[in-house]
Amino acid sequence: MFTPDKTVTERRKALRDSLNSTTITKMPGAFSPLVARLIEDIGGFEGVYVSGAVVANDLGLPDIGLTTLTEVANRSRQIARVTNLPVLVDADTGFGEPMSAARTVSEFEAAGLAGLHLEDQVNPKRCGHLDGKEVVPVDLMVRRITAAVRERSDEQFVICARTDAAGIEGIDHAIERAKAYADAGADLIFTEALYSEEDFAKFRAAVDIPLLANMTEFGKTNLLSASRLEELGYNAVIWPVTTFRTAMGQTENMLRDLAQNGTQEPWLDKMQHRSRLYELVRYDEYNQFDQSVFTYSVDTYTQEFRK
């Protein structure tokens, strides 16, 4: 009841199998455990994604490397605990240099995650779709990946390498970096901030391990559908901030209306109903369990206490 039906290893294997299948792995971002539960309940998705930007923004912070390993691991653990879907987490630059990346793998494995991705930005990092990014030398990123792979205790745990080099050094250099990261042991390559469908196709033609596409809104990438990315040969797609932006946008609109009119009544049909919320949190299941173990009455408890 308090843990997923599938074991951690089963969820990790499910992610690996999905990445190696002929259909694309679809992973919406979850900004809370309940959203992860909803992603699973809706169906049609093969995994859940935890965005570092969302964790930072939800804490009221910009996505500039201010969150700690502990903060991200704790949030990710809470999310992984409530879903049978595999969870992939954004580990930024590994929260330090190579030895920190190794510790990051250990922490996320212990948290029940199915995989993580490390990026080749200079630490502290910047949002992948903003200007002003810098990338580390290839050999430093290779050391990050090597340390992560060496620390991995479950071979099913997926280690993904993200390259931000396309917008800085050009797509050809990004491709060369991706190849070096694959040689270092990365299982999956995250191609950040590509511009066009042609860029995605070029990257796919040049790199022969699974690829992940980021379909974030309001960034540098032209939005492509999951089906189109699948046609282009991509193995996974994330929508990292979509649920968070939708929730914040609607909440802001509601609050402005509430401030002006003093009632939430016009918003009732836009809210999740109490009955649906109870269904998602499995209220009846917990209630039945509680009744089955709550075997004493107030009088019985009082008598025992007085002894």
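In this predicted model, the lining of the largest pocket is made up, by class, of 12 nonpolar, 6 polar and 1 charged residues. The lining counts 19 residues in total, and those that lie nearest the centre of the pocket are A247, T251, K270, M271 and Q272. The space inside the largest pocket comes to about 610 Å³.

Three helices, α2 (33-42), α11 (242-261) and α12 (274-280), each give at least two residues to this lining, and the largest share, 8 residues, is supplied by α11.

A second feature is the packing of two helices. Two packed helices are described by the angle between their axes and the distance between the axes. Helix α4 covers residues 69-80 and helix α5 covers residues 98-110, and the two pack at an angle of about 25 degrees with their axes 10 Å apart. Because angles under 35 degrees count as roughly parallel, α4 is roughly parallel to α5. The crossing in which α4 passes α5 is right-handed.

On the side of α4, the residues that take part in the contact are L69, V72, A73, S76 and R77, and they meet R103, T104, E107 and F108 of α5. Sorted by class, this contact between α4 and α5 has 4 nonpolar, 2 polar and 3 charged residues.

| Place | Nonpolar | Polar | Charged |

Terms used
Residues numbered from 1 in each chain as written. Predicted model: local features only at pLDDT ≥ 70, side-chain atom pairs only at ≥ 80, totals over all residues. Heavy atoms only, no water. 1 Å grid on protein atoms, 1.4 Å probe; cavity = no way out; pocket = protein on both sides within 12 Å on 5 of 7 lines; lining within 4 Å. Points joined across faces, edges and corners; volume = space filled by probe spheres on them. Helix = DSSP H or I, 4+ residues; strand = E, 2+ residues; numbered from the N terminus. Nonpolar A, V, L, I, M, F, W, Y, C, P; charged D, E, K, R; others polar. Axes fitted to C-alpha atoms, helices over the stretch in contact; angles between N-to-C directions. Parallel < 35°, antiparallel > 145°, perpendicular 65-115°, else oblique. Left-handed = near helix turned anticlockwise from the far one by under 90°. Contact = heavy atoms within 4.5 Å.
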